[in-house]
Amino acid sequence: MTAVPPRPALLLAALAAAVGLRAAAPKPVDDLVAREADGYRGIWYMNQPLKDEHRYKYSGGFATYPQQHVPIAIHVPEQRKTFFVFGGSAGNVSERKDELQHLVSYFDHATGTVPRPVRLLQKRTEDAHDNPTLSIDAAGHLFVFSSAHGTSRPSYIHRSVRPYDITAWELIEKSNFSYTQPWYLPQSRRFLFLHTLYVKGERTLNWKTSGDGRTWGAPQLLAHLEMGDYQVSFREGDTDRVATAFDLHPSKGRAGTGLNFRTNLYFAETRDAGATWTNAAGEKLGLPLRSADNPALVRDYRREDLSVYLKDIAFTASGQPVILYLTSKGFNPGPASGPFQWHTARWDGRVWVFRPCVTSDHNYDHGSLAIESDGTWRLIAPTEPGPQPWGTGGEMVMWTSRDQGATWERARQLTRDSRFNHTYARKPVNAHPDFYALWADGSPLEPTPSSLYFATREGRVFRLPSRMTGATAVPEPVP
């Protein structure tokens, strides 16, 4: 395998060899050498310790965290492969002593196997907010966007040296950005990169574009509402249409203010790589959005004293956007913040139609919504209480609706009698029926090893190999 280090590193190495220097180099912030890993082991992460039985605001096996990082998996029909990235463990499974690894791999649909994943980057942190995302251009080059949680660490963009080849990489950019959402636009053959920039500790929503993934325009501000925002986004099929749903951290409100509080629901979309942004009705938005009361507002949940946790976006066959999200009474885990009610909001061409969906037992029980060509809505999420109830995740369940979310059928429970909670089920772009969702497990109560899983559209579940002795392996069926 060939790794392509940054040019400064090559120059320094050549100089040292020429003059016989053996001085110790300073410890790098991150390890930028691509190497094969020996298996699929996810990062364990916790956020905000609590002095109660729940122990943390949220925690667990977070290889596919957070939902604001998308895409993390892309199916390429011509290659018969689903490429994916995830946050791996360096092997030190103890709180705040592990180191996050950015790993890239693929599932080979022709052979039913996975190769050894490639460790593209080793972050000097255990913070799963730094997890990677993936984009693929028209020529087949893979781009991995490595996030940073805030401004204390650098962010990276890497590009595969060869199309559809995960073994050799080059560093394109080292800068700073967070919550990465890189979309390749197949019609205009450009990148639209939605991301977050921190301004005085507040999260601001931005985008920038590139024709080749190497040279990028300046960031453009989409929204900075009150004390900041989170967003989720998705692209409609093989079009250039990208939609985003976002919230706000309130600076005022009876339910609370600041980072731990999030409310309201907003929607914006672009069909021309950010040149214009509109709401669902097609009304052009004057950017940047800075007022909480703006034309992108879908529903004012602050007036209802409810928190909003964004999950996913999907599109119907007729192009209607559907937002998946959860509401609760607060950020603390446990029944006092319940009910943890999932909803869909569907634009019907005139108004937003709101419908309750399912319930779970934690704000961070994240799942994905797929809307299929026959009109089936398919939700995969940890909605069944797991072995660590009231903690992040649970047992994975597949739900289906055939009446645009009016009623839901429990199609299949995907996991049961698990040792740890399962969480953050994520859908690939152009998902193949044999690799329809990807997630990880882990205890929300204490640091544990974390395995990775994927499910088929029919509901079969497979565990990726945590240790590999050969070049490829067959994923293990989970009963």
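The model is a predicted one, where local features need pLDDT of at least 70 and side-chain atom pairs count only at pLDDT 80 or more, while totals for chains, interfaces and linings use all residues. Residues are numbered from 1 along each chain as its sequence is written, and side-chain values use heavy atoms, with hydrogens and water left out.

**Around N206**

N206 is part of strand β16 (residues 202-210); helices (H or I, at least four residues) and strands (E, at least two) are DSSP runs, numbered from the N terminus. With 6% relative accessibility, N206 counts as buried (buried is under 20% relative accessible area, exposed over 50%, partly exposed in between, with a 1.4 Å probe and protein chains only). Leaving out residues up to four places away in sequence, N206 touches F193, L194, H195, T196, L197, P219, Q220, L221 and L222, where contact means heavy atoms within 4.5 Å.

**Aromatic rings**

Rings of Phe, Tyr and Trp (its six-membered ring) pair if their centres lie within 6.5 Å; planes under 30 degrees apart count as stacked, over 60 as edge-to-face and the rest as tilted. By this rule there are 38 aromatic pairs. Take Y65 and Y424: their ring centres are 5.1 Å apart and their planes stand at 80 degrees, so this pair is edge-to-face. Y65 sits in the loop between β4 (56-61) and β5 (73-76), while Y424 belongs to strand β30 (residues 421-426), so to speak a link between distant parts of the chain, 359 residues apart. Both Y65 and Y424 are buried.For a stacked pair, look at F246 and Y266: the centres are 5.2 Å apart and the planes lie at 10 degrees, so the rings count as stacked. F246 is in strand β19 (residues 242-248) and Y266 in strand β20 (residues 263-270), 20 residues apart. F246 is buried at 0% relative accessibility, and Y266 is buried at 0% too.

The charged end of K81 sits over the ring of Y106, 4.3 Å from its centre, and K311 lies over the face of W342, 5.2 Å from the ring centre. A charge sits over a ring if NZ of Lys or CZ of Arg is within 6 Å of the ring centre and within 35 degrees of the ring normal.

**Strands**

Two strands pair if DSSP finds at least two bridges between them.

| Strands | Bridges | Facing residues |
|---|---|---|
| β3 (residues 44-49) and β4 | 5 bridges | W44 and G61 |
| β24 (residues 340-347) and β25 | 7 bridges | H343 and P356 |
| β31 (residues 437-442) and β32 (residues 452-455) | 4 bridges | W439 and Y453 |

β3 and β4 form a hairpin with 6 residues between them, and R55 in the turn has a positive phi of about 75 degrees. Elsewhere, 4 strands make an open antiparallel sheet in the order β22-β23-β24-β25, with β22 (307-315) and β25 (352-360) at the edges. Another open antiparallel sheet has 5 strands, ordered β30-β31-β32-β33-β35; its edge strands are β30 and β35 (476-478).
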